[in-house]
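Biologist: I would like to take a close look at one part of this model, and I would be glad if you could go through it slowly.

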Amino acid sequence: MSLVQNPVIVYISPAELVVHPKLIEIYGENEDRPALEKSISEKGILESLKVSARTGVNIVLAGKCRLQIARQLGISTVKVEFVESGSPEEDLKLVLDFNLHREGGKTHYQKFHEGQYWESVLRPQAKERQRQSARRLNQSNDSNLNHSVTESKSQLGKGKRVIQEVSENLNISVGSYHKGKKVFELISQLRELEKFKAVVALEMEFNRSIDAAYKFVCNQDICNQVIDLLEATEIGSIGDGIAWMLNGERNPFRRFQLDQVYQFKKRLRPELEIVGRVIGITNEFVVFGLRNLVNMSLEIVNLRPRQIDAELQDEPSASQRKRIFHLMQKFSDVFPVQVSLAELLKLPNLTDKEEVLLRMYESDVFEKTWEDYKTQMKAMEVSTNRKKDNIRAA
C-alpha cells in the first residue's frame with residue numbers, strides 16, 4: 001500500500017468519482033469551507049485528489065471537500081492522483097493517513113472518530129510486540145529476575161505508548177483523550193438507540209468543550225434526564241438542559257413572552273440601555289431588543305434563560321404601541337412606513353424624536369401628502385400604459 005511512484009496526474013470528471021464512506025461518516029456529507037471555496041473559484045484545485053481504483057470504481061480517499069466544491073462550481077474536470085491499494089483495510093488506512101493533518105480544522109468528534117481507528121490499528125501491533133518480547137525472553141539464557149523486571153517495564157511502556165501515539169496523532173493531551181473517549185462512546189450508544197436529537201446536542205457540546213461534555217456524561221442522573229428532555233424536544237442544547245435541572249425548572253422559557261419588557265440588574269454592555277424588550281424566543285435563546293445609547297439605534301441580543309438576570313416591568317409604552325399598530329394597519333401598503341414602525345415595536349420605549357415621528361405619521365399633512373403621492377403615481381401609471389398602447393398600435 002503506497003502512493004504510486006512518480007505519480008501521474010490526470011484530469012477526470014467529478015461525475016466519475018465516488019467519496020469513500022468513511023470520509024462522509026467522519027466529516028459529514030457537506031462541509032462549509034468558504035476559504036477553500038474562494039481559493040478554488042479563483043485558482044482552481046491546486047492539490048490533487050487521492051483516488052483508489054482498486055475495485056474498478058474511482059474512490060476518493062482524500063479531497064472530499066475539493067470534490068464537493070468542484071461540483072458546486074460546475075468545474076468539468078478535477079486533478080486526480082491514483083494511489084495503490086490492495087484491500088478495503090488498506091483503503092481505510094489511506095483515508096486516515098491522508099486526512100491526519102487535514103487543513104481547515106477538525107471538530108473533537110471528528111478527531112475521536114479517527115482515534116477509534118488508530119487504536120484499532122495500533123493495539124494489535126502493541127500486543128504483537130509484547131508477544132515477540134516474551135518469546136525473546138523465554139529463549140534467552142539470561143533469564144534472571146532483574147532481566148524479567150526490565151522486560152516487563154519495557155512491555156508496559158510500549159502499552160502506554162498506544163494512547164500517547166493516538167493522542168499525538170489527534171493533537172490533544174492524553175488526559176483529554178481519556179475523557180473524550182467516554183463522551184464519544186455515549187454518542188455512539190445514543191446513535192445506536194436512534195436518539196438523534198441527543199446525539200446532535202451532545203456532539204455540539206463535545207465540540208465546544210471536551211471537559212464540559214465529560215462532566216455532563218459523568219453526572220448520570222442529570223445526563224439521563226437531559227437526554228430525555230432533548231428527545232422530547234423540550235430543550236435544544238445540553239447547556240440549557242443542565243441549567244434547567246440545576247434550577248429546578250422544567251422549562252425556563254415559560255416565564256418569557258413576546259413583547260415583555262425586562263430591567264436587567266446590570267447593563268449587558270456599558271453602551272446598552274438597562275431595559276430590553278423580548279422580541280423573539282427560539283429553542284435556545286430569548287431574543288431581546290435594547291437601545292444603544294451611543295447612537296440610539298436598536299441592538300439585538302440573544303440570551304440563554306440562565307443568563308438573564310432581570311425583572312419583568314410594567315409595559316412602559318402601552319399607548320404608543322397601540323398607536324403604532326393602528327398606523328401599521330392604516331399604511332399597510334407603504335413598505336418604508338411599515339419597516340420603521342416595526343422597528344419601533346422592538347424598542348423597550350420611545351424617545352421624544354420617535355414620538356415626533358409617530359405624530360407626523362398621524363398628522364393630516366402626512367396623510368394628505370401620501371394620498372397626493374398615490375394619485376400622482378396612479379396618473380403616471382395610466383400615462384405610461386397609454387404610451388405603451390400607442391406604441392403597439394403604431
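Biologist: Is the crossing of helix 2 and helix 3 left-handed or right-handed? Please describe the packing around it as well.

Modeller: Please keep in mind that this is a predicted model. Two packed helices are described by the angle between their axes and the distance between those axes. Here helix 2, which covers residues 34-43, packs with helix 3, which covers residues 64-73, at an angle of about 60°, and their axes lie 10 Å apart. Because of that angle, helix 2 counts as oblique to helix 3, since the roughly perpendicular class takes in angles of 65 to 115 degrees and the roughly parallel class those under 35. As for the hand you asked about, the crossing of helix 2 and helix 3 is right-handed. On the side of helix 2, the contact is made by L36, E37, I40 and S41, while helix 3 brings C65, R66, I69, Q72 and L73 to the contact. Sorted by class, the residues where helix 2 meets helix 3 are 5 nonpolar, 2 polar and 2 charged.

If you then turn to another part of the chain, you will find that the structure holds 1 cavity of 30 Å³ or more, and the largest cavity has a volume of about 30 Å³. Its lining is formed by R277, S317, R321, I324, L344, L345, L347, P348, N349 and L350, with helix 12 (318-330) and helix 13 (335-346) each supplying at least two of the lining residues. By class, the lining of the largest cavity has 6 nonpolar, 2 polar and 2 charged residues.

Key. Residues numbered from 1 in each chain as written. Predicted model: local features only at pLDDT ≥ 70, side-chain atom pairs only at ≥ 80, totals over all residues. Heavy atoms only, no water. 1 Å grid on protein atoms, 1.4 Å probe; cavity = no way out; pocket = protein on both sides within 12 Å on 5 of 7 lines; lining within 4 Å. Points joined across faces, edges and corners; volume = space filled by probe spheres on them. Helix = DSSP H or I, 4+ residues; strand = E, 2+ residues; numbered from the N terminus. Nonpolar A, V, L, I, M, F, W, Y, C, P; charged D, E, K, R; others polar. Axes fitted to C-alpha atoms, helices over the stretch in contact; angles between N-to-C directions. Parallel < 35°, antiparallel > 145°, perpendicular 65-115°, else oblique. Left-handed = near helix turned anticlockwise from the far one by under 90°. Contact = heavy atoms within 4.5 Å.
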